[in-house]
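Subject: The structure I promised you

Hi,

Here is the structure we talked about, ready for you to open next to your notes. Have a look at it first, and then read on.

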Amino acid sequence: MGLPTAILFDLDDTLISAHLHPRAAWTTALETLGGLPDDPAAADAAITIHTAAKWYWSDAERHRIGRLDILAARRAILTRAFAEMGWSEDADLIERLGRHFTEQRTRDTKLFPDAVETLEGLAARGVRLGLITNGNAVDQRAKVDRFDLARHFFHVQIEGEVGFGKPEERAYAHALEKLGTSVTETWIIGDNLDWEVIVPQRLGFYAIWRDPIGKGLPDGSEAKPDRIVTRLTELLEA
Ligand SMILES: [Mg+2]
């Protein structure tokens, strides 16, 4: 199968490692913050927080609101986890931990090592590239700028800037219009099975699931990606 006219890329955990290994990240945040109640085993607290986070992000509407105000989302997650652990609802500590975790996540976010090579390789083969990312305007634009990504893309679309995001149909339609390609000429790639596989396939896209750590599809998943890639450079082997 040859390359398509255009490819729409997701950003977080597709081109950059924004949210990988969340439980380990919470463990690190708890270990490095200090001043926590009862001198807890950080790994145990991390499990409870990670469970609260999974609950929080599992609801589509909560997800939509939370990703537009990430600190408020982390406040809600930590409030739930603190209650679960029987810790007092210390608003100041929750705020400090939420900010500490968010800063740590930002610091630890890296461009995947083969991202630039892949984007440049695709451009050299004449593929028109688009970036379509959910999240608030400030954070997502800061990531695009920090990793100097805009230069690779014909169109950059940030949910917080345009006012709508995946999996709303108009998010994909808007991106296609900007790319000037039809859905059958365009691939989409990303790590979110709803946003970048299931909904796009329903709209007619060829959908590639990005599985950066090779974990495989979750048990019981209904998603049937047209293709799964672990390394981005696999796209150049199309
Ligand atoms: Mg993603």
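This is a predicted model: local features need pLDDT of at least 70, side-chain atom pairs count only at pLDDT 80 or more; totals for chains, interfaces and linings use all residues.

**The metal site**

Let me begin with the magnesium ion. Which residues coordinate the magnesium ion? They are Asp10 and Asp191, each through OD, and Asp12 through O, at 2.1 to 2.2 Å. Along the sequence, these donor residues follow the spacing D-x1-D-x178-D. Aspartate 12 sits in the loop between strand 1 (6-9) and helix 1 (22-33), while aspartate 191 sits in the loop between strand 4 (186-190) and helix 10 (193-203), so the pair ties together parts of the chain that are 179 residues apart in sequence. The two also have their own accessibility values: aspartate 12 is buried, at a relative accessible area of 10%, whereas aspartate 191 is partly exposed, at 26%.

The protein chain is divided into domain 1 (6-16 + 110-237) and domain 2 (22-108). Where they meet, 10 residues of domain 1 are in contact with 8 residues of domain 2. About 660 Å² of area is buried between domain 1 and domain 2, and carbon and sulfur atoms give 42% of it.

As for polar links, the count between the two domains is 5 residue pairs in polar contact. On the side of domain 1 that touches domain 2, helix 7 (137-146) and helix 8 (159-162) each supply at least two residues. The rule also finds 1 salt bridge across the interface of domain 1 and domain 2.

**Salt bridges**

How many salt bridges does the structure hold? There are 13, and I picked out three of them for you.

- Glutamate 159 and arginine 67 meet through their side chains, at 2.7 Å from N to O. This pair links distant parts of the chain, with glutamate 159 in helix 8 and arginine 67 in helix 3 (residues 60-68), 92 residues apart. Glutamate 159 counts as buried at 5% relative accessibility, and arginine 67 is buried with a relative accessible area of 9%.
- Glutamate 161 and arginine 141 form a salt bridge through their side chains, at 2.9 Å from N to O. Glutamate 161 lies in helix 8 and arginine 141 in helix 7, so this pair ties together parts that are 20 residues apart in sequence. Glutamate 161 is partly exposed, with a relative accessible area of 40%, and arginine 141 is partly exposed too, at 26%.
- Glutamate 196 is paired with lysine 166, and the closest N and O atoms are 2.6 Å apart. Glutamate 196 is in helix 10 and lysine 166 is in the loop between helix 8 and helix 9 (169-179), so the pair ties together parts that are 30 residues apart in sequence. Are these residues buried or exposed? Both glutamate 196 and lysine 166 are buried.

**Two single residues**

Now for valine 127. It is placed in the loop between helix 6 (115-124) and strand 2 (128-133). Valine 127 is buried, with a relative accessible area of 5%. What does valine 127 contact, leaving aside its neighbours within four places in sequence? The list is Leu3, Pro4, Thr5, Ala6, Ile7 and Leu122. Valine 127 and lysine 143 are 16 residues apart in sequence, and in space their C-alpha atoms are 23 Å apart.

The other residue is histidine 50, which lies in helix 2 (residues 42-57). Histidine 50 is buried as well, with a relative accessible area of 15%. Not counting residues up to four places away in sequence, histidine 50 touches Pro22 and Arg23.

Happy to go through any of this with you at the screen.

Best wishes

Technical notes: Residues are numbered from 1 along each chain as its sequence is written. Side-chain values use heavy atoms; hydrogens and water are left out. Donors are N, O and S atoms within 2.8 Å of the metal (3.2 Å for Na, K and Ca); water is not among the atoms, so sites may look incomplete. Helices (H or I, at least four residues) and strands (E, at least two) are DSSP runs, numbered from the N terminus. Buried means under 20% relative accessible area, exposed over 50%, partly exposed in between (1.4 Å probe, protein chains only). Contact means heavy atoms within 4.5 Å. Domain bounds come from an automatic or database domain assignment. Buried area is the accessible area (1.4 Å probe) that two parts lose on being put together, summed over both. A salt bridge is a side-chain nitrogen of Lys or Arg within 4 Å of a carboxyl oxygen of Asp or Glu. A polar contact is a pair of N or O atoms within 3.5 Å; within protein, one must be able to donate a hydrogen and the other to accept it, and residues adjacent in sequence count only if both atoms are side-chain atoms.
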